[in-house]
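Please look over the sequence and the model first, and then read on.

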Amino acid sequence: MAEEKKGLFQRLKEGLSKTHKGLVDKVDQAILGRKKIDEGLYDELEEILVTSDLGVQTSYKLIERVRERLRRGESDDAALVKKYLKEEILSILKGTGSGIDTRRAKPFVIMVVGVNGVGKTTTIGKLASRYRGEGRSVLLSAGDTFRAAAVEQLEVWGERSGCGVIKHKEGSDPSAVLFDALKAAQGRGTDILIADTAGRLHTKTNLMEELKKTRRVVEREAPGAPHEVLLVLDATTGQNAVSQAKLFKEAVEITGIVLTKLDGTAKGGVVISIVDELKIPVKFIGIGEGVEDLRPFEPSEFVEALF
Ligand SMILES: Nc1nc2c(ncn2[C@@H]2O[C@H](COP(=O)(O)OP(=O)(O)OP(=O)(O)O)[C@@H](O)[C@H]2O)c(=O)[nH]1
Ligand SMILES: [Mg+2]
């Protein structure tokens, strides 16, 4: 068990290695060769944070907090900068995460939304496997009716994880698919229903309207549902992910974020920016394409692995 835990942590660390290089290694370099703290160091740090996609606002806040702590301690030891930075990042991230309690309703309905290609369907597949592994029954709703391939992709995941998929013909009304899936889940006594949606352009209001409509159908048919509306964001898009989240937050009530593709990017700092600016909890992170590569987001584990 301890071995397994170590292995998981190692994988997370590897997944975050690009962000580590772009952020922590650079902080080390900036500190190195400086015995004393000067304004130049703060400027350099701020630039490192901004280029690691922490966002201007969050970067500024972090630097100010570090500066304040050093001032209070009246220390000019540059090595403390890294320690304080790590602690302040953790303090921003704390209080987010903690996964999802799917046992508080049955069927527990999770809607998964987000723009094209961010990893919605893959995330659903990984979630389905995770819950199946815990012995729960899962049903998937193929709400991306725009592409035939989207349904097939979900069916592959359904087969792999051993759960049913409710689908309609290509081009049919996505809210009708979810309506049927909900009825099926209620009839079969399914534990968890996960709804895929089309990857739509968040800039097109009519598409947002459709998402709202789908949500209304769920609310009407199952009071209390959807229990979670997860917004999937692609970490490789950096600050763009933050803008997407703002738009989705306005249109549909987002209860949590899944940040995918952290493994392929140096922009992993965006998670700090998302939590700080949007106050939406990050529930899961994706660090690879494999089934085991979706993890509940644990702030302290994340910060340890990053540093
Ligand atoms: N490296 C990596 N790749 C990922 C991760 N999550 C998803 N992907 C890949 O991202 C690509 C797009 O994933 P999909 O799940 O199809 O994305 P989607 O949001 O459903 O896309 P649309 O249905 O077209 O809107 C796939 O090739 C996935 O394997 C991750 O955490 N890490
Ligand atoms: Mg998809």
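## Terms and basis

A residue counts as buried if 20 or more other C-beta atoms lie within 10 Å of its own, as exposed if 12 or fewer do, and as partly exposed in between, the C-beta atoms being placed from the backbone. Helices (H or I, at least four residues) and strands (E, at least two) are DSSP runs, numbered from the N terminus.

This is a predicted model, in which local features need pLDDT of at least 70 and side-chain atom pairs count only at pLDDT 80 or more, while totals for chains, interfaces and linings use all residues. Residues are numbered from 1 along each chain as its sequence is written, and chains are lettered from A and ligands numbered from 1 in the order in which they are written.

## Helix α7

Helix α7 covers residues 148-161, which makes 14 residues, and its first and last C-alpha atoms are 20 Å apart, close to the 20 Å expected at 1.5 Å a residue; the expected span is 1.5 Å times one less than the number of residues. Within α7, the residues A150, V151, L154, W157, G158 and S161 are buried. Seen down the axis of α7, these buried residues fall within an arc of 120°, so they line one face of the helix, where the arc is that of the directions from the helix axis to the C-beta atoms.

The other side of α7 holds the exposed residues A149, E152 and E159. The cover over the buried residues of α7 includes α6 (120-133), β2 (138-143), β3 (164-166) and β4 (192-197), with contact meaning that the C-beta atoms of two residues, placed from the backbone, lie within 7 Å. Just after α7, G162 takes a positive phi of about 75°.

## Backbone features in the loops

Most residues other than glycine have a negative phi, and most peptide bonds are trans. D53 is buried, with 29 other C-beta atoms within 10 Å.

K261, again not a glycine, has a positive phi of about 60° and sits in the loop between β6 (256-260) and α11 (270-278). K261 is buried, with 25 other C-beta atoms within 10 Å.

## Cis peptide bonds

K106 and P107 are joined by a cis peptide bond with omega of about -5°, and P107 lies in the loop between α5 (79-93) and β1 (108-113). The peptide bond from A225 to P226 is cis, with omega near -5°, and P226 is found in the loop between α9 (205-221) and β5 (228-234).
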